[in-house]
Amino acid sequence: MMESKKPELDRVDRALLRALSVNARASGAALASEIGVAESTVSLRLRRLQQLGHIRGYRANIDLAALGASLQALISVRLAKHARVQIDDFRNAAPHWPGVIGLFHTAGADDYLLHVAAADASHLRDFVLEHLAEHPAVAHTETNLIFEYVDGDGWQDLVK
């Protein structure tokens, strides 16, 4: 089945997305003033962008270290077999394991990249042993500690 193409974004849509990327908590009035359109236009456009899936949600950027999770890692995961049932089982379970921030399905030697947060090295080790080493779909893992993370903003060029 062929995917239907989403409607093109016009100047107002792109301006809204740019403004929200800077401040997702901006009021409709502030967005309208910044973009130069009526507040009712902002409201209609935001609803439309959400319905079309261009805006997938709004999130708070939480300081995980302040919550006691000062260690983060990227764990490469190679699956034992590429049987649909095992892939689906892993894909459906992994995002809900304690400490998981995100899951990336990748091409190359490894099948997935798992971004996790943990209180310390022993908690990270326990995570790997309890959730990855014991999982029937997992053949190999490699853990890389994250020393520093810096948000990128180069993606904003895509909404110009």
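Modeller: Happy to. By class, the second largest pocket is lined by 6 nonpolar, 3 polar and 2 charged residues. Here Ala, Val, Leu, Ile, Met, Phe, Trp, Tyr, Cys and Pro count as nonpolar, Asp, Glu, Lys and Arg as charged, and the others, Gly among them, as polar. One caution: this is a predicted model, where local features need pLDDT of at least 70 and side-chain atom pairs count only at pLDDT 80 or more, while totals for chains, interfaces and linings use all residues. Residues are numbered from 1 along each chain as its sequence is written, and side-chain values use heavy atoms, with hydrogens and water left out.

Colleague: What counts as a pocket, and what volume does the second largest pocket have?

Modeller: On a 1 Å grid over the protein atoms alone, a pocket is an open set of points where a 1.4 Å probe fits, with protein on both sides within 12 Å along at least five of seven lines; lining residues have an atom within 4 Å of a point. The second largest pocket has a volume of about 180 Å³, meaning the space filled by probe spheres set on the points, which are joined across faces, edges and corners.

Colleague: Which element gives the most to its lining?

Modeller: That's α5 (121-133), with 6 residues. β3 also supplies at least two. Among the lining residues are Val116, His123, Phe127 and His131. Helices (H or I, at least four residues) and strands (E, at least two) are DSSP runs, numbered from the N terminus.

Colleague: And the largest pocket, where does it lie?

Modeller: Domain 1 (9-50) and domain 2 (62-144) both give residues to its lining, so the largest pocket lies between them. The domain bounds come from an automatic or database domain assignment. Their centres, taken over C-alpha atoms, are 36 Å apart.

Colleague: How much space is in the largest pocket?

Modeller: About 1,700 Å³. It has 39 lining residues, and the closest to its centre are Arg59, Ala60, Asn61, Tyr149 and Asp151. The largest share of the lining, 4 residues, comes from β2.

Colleague: Switching topic: how do β2 and β3 pair?

Modeller: Strand β2 (residues 100-105) and strand β3 (residues 112-118) are antiparallel, over 5 bridges; two strands pair if DSSP finds at least two bridges between them. Leu103 stands opposite Leu114 in β3.

Colleague: What about the turn of that hairpin?

Modeller: There are 6 residues between the two strands, and Gly108 in the turn has a positive phi of about 115°.
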